[in-house]
Structure formats: structure tokens, C-alpha cells
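Please examine the sequence and the three-dimensional model shown below. The account that follows is intended to be read beside them.

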Amino acid sequence: MFKTFASALVLSVVLGGAAFAETHEVKMLNKGADGERMVFEPAFLKIAPGDTVVFLPTDKSHNAETLSEMMPEGAAGFEGKINQQVEYTFDVDGLYGVICKPHYAMGMVMTIEVGDVDAAPASYFEGRVPKKAKERFDAQMSNL
């Protein structure tokens, strides 16, 4: 009897944690509400570990994918196809840089903060980041 009770307790704790996970939607747009061109809306998300983000191809010719240089160590990335919805569950705490590959140079980027992050790691902007994308990433860092 104790074994059954213990198993039920463990199962309810595991499944109960999943019940609190949220799903967030991000639109991929040619023009945002503020008039900016080639944007993710919202451009910054703060979510909890275990939350899912759904990237919606609201306008055509966009994709969503993580930048390997802008992810926490141990996290797996994703790469969506053009005009396809992408759904990803973020399990590792840290900052994630997300881009639309065809419009990366035009600054179509977003940042997702999973858990509590005080600042971007020193290595976050290593490598080549197009000027417009860097400007937008810098603006998004003010949300930390």
C-alpha cells in the first residue's frame, strides 16, 4: 500500500509540474506594430524553464532558429523551415538568441530569457553579428 501511495505521489508531482508550463506565441512579421520592418513580436520574452514558444509565420518568407553562439551551454537548438510554424520547449536556463535567417542582416532577431538571468554572458556577442541585428539585440538586453 505504501508503495502505491509513494508512486502516486511521485507521479502527481512530476505531472503537476508540467501542468504549470505555459505556451507563448511569437509572430514573424514583415512590419511590427511600431512600424519596424522584419520583426518578431514580441522581440523579447521572459519565460520559465519548461515553457513552450510557438513561432507563427504570420507573414511569408520567415523562419525561426537559434544561434548556436547565443545559447546556454547544454541547450539544444532548433531550426525552422521557411513559412513553417515552429514549436520549441525551453528546458535550460539562460539566454537564447533567435533569428530569421533570411532577414538576419535586416535585424530580425529576438531574445528569450529562460529563468532568471542577470546579464548576457561575455561570449554572447562573439562572432559576426550584422550591425542592425546587434542594435536590436542590444536593445533587447535592456529587458534583463
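This is a predicted model: local features need pLDDT of at least 70, side-chain atom pairs count only at pLDDT 80 or more; totals for chains, interfaces and linings use all residues.

Residues are numbered from 1 along each chain as its sequence is written, and side-chain values use heavy atoms, with hydrogens and water left out. The mean pLDDT of the chain (the predictor's confidence in each residue, from 0 to 100) is 89, and 87% of the residues reach 70 or more. Over residues 5–14, however, the pLDDT is below 50, and this stretch has zero contacts in the model beyond near neighbours in sequence; contact means heavy atoms within 4.5 Å.

The secondary structure comprises two helices and eight strands. These elements are DSSP runs numbered from the N terminus, with helices being H or I of at least four residues and strands being E of at least two. Along the sequence they follow the pattern α-β-β-β-β-β-β-β-β-α. Of the contacts in the chain with a separation of 6 or more, 65% are between residues 24 or more positions apart. Buried residues make up 41% of the 144 residues in the chain. Here, buried denotes under 20% relative accessible area, exposed over 50%, and partly exposed in between, with a 1.4 Å probe and protein chains only.

Strand β1 (residues 23–31) runs antiparallel to β2, joined by four bridges, and M28 has F40 in β2 as its bridge partner. Strands β4 and β6 are likewise antiparallel and joined by four bridges; here T52 is partnered by T89 in β6. In a regular strand the side chains alternate between the two faces of the sheet. Strand β6 (residues 86–89) has V86 and Y88 on a covered face and E87 and T89 on an uncovered one.

The other open sheet also has four strands and mixed pairing, in the order β3-β8-β7-β5. Its edge strands are β3 (44–47) and β5 (65–66), each of which pairs on one side only. Strands β7 (residues 94–99) and β8 (residues 109–114) pair in the antiparallel sense over six bridges, and the partner of G97 in β8 is T111.

Helix α2 (residues 131–141) lies across β3, β7 and β8, and runs at about 30° to β8. Which residues of α2 are buried? They are A133, R136, F137, Q140 and M141. These residues cover an arc of only 145° around the axis, and therefore lie on the same side of α2; the arc is that of the directions from the helix axis to the C-beta atoms. The buried residues of α2 pack against β2 (37–41), β3, β7 and β8.

A43 lies in the loop between β2 and β3 and is partly exposed, with a relative accessible area of 29%. Leaving aside neighbours within four places in sequence, A43 is in contact with V109, M110, T111 and Q140.

Two further loop residues may be considered. H62, in the loop between β4 (52–56) and β5, is buried, with a relative accessible area of 0%. The H62 side chain makes a polar contact of 2.7 Å with that of N30 and another of 3.1 Å with that of H103. A polar contact is a pair of N or O atoms within 3.5 Å; within protein, one must be able to donate a hydrogen and the other to accept it, and residues adjacent in sequence count only if both atoms are side-chain atoms. D116, in the loop between β8 and α2, is exposed, with a relative accessible area of 70%. The side chains of D116 and K46 are joined by a polar contact of 2.9 Å.

Conventions. Two strands pair if DSSP finds at least two bridges between them. Axes are lines fitted to C-alpha atoms, for helices over the stretch in contact, and angles run from 0 to 180 degrees between N-to-C directions.
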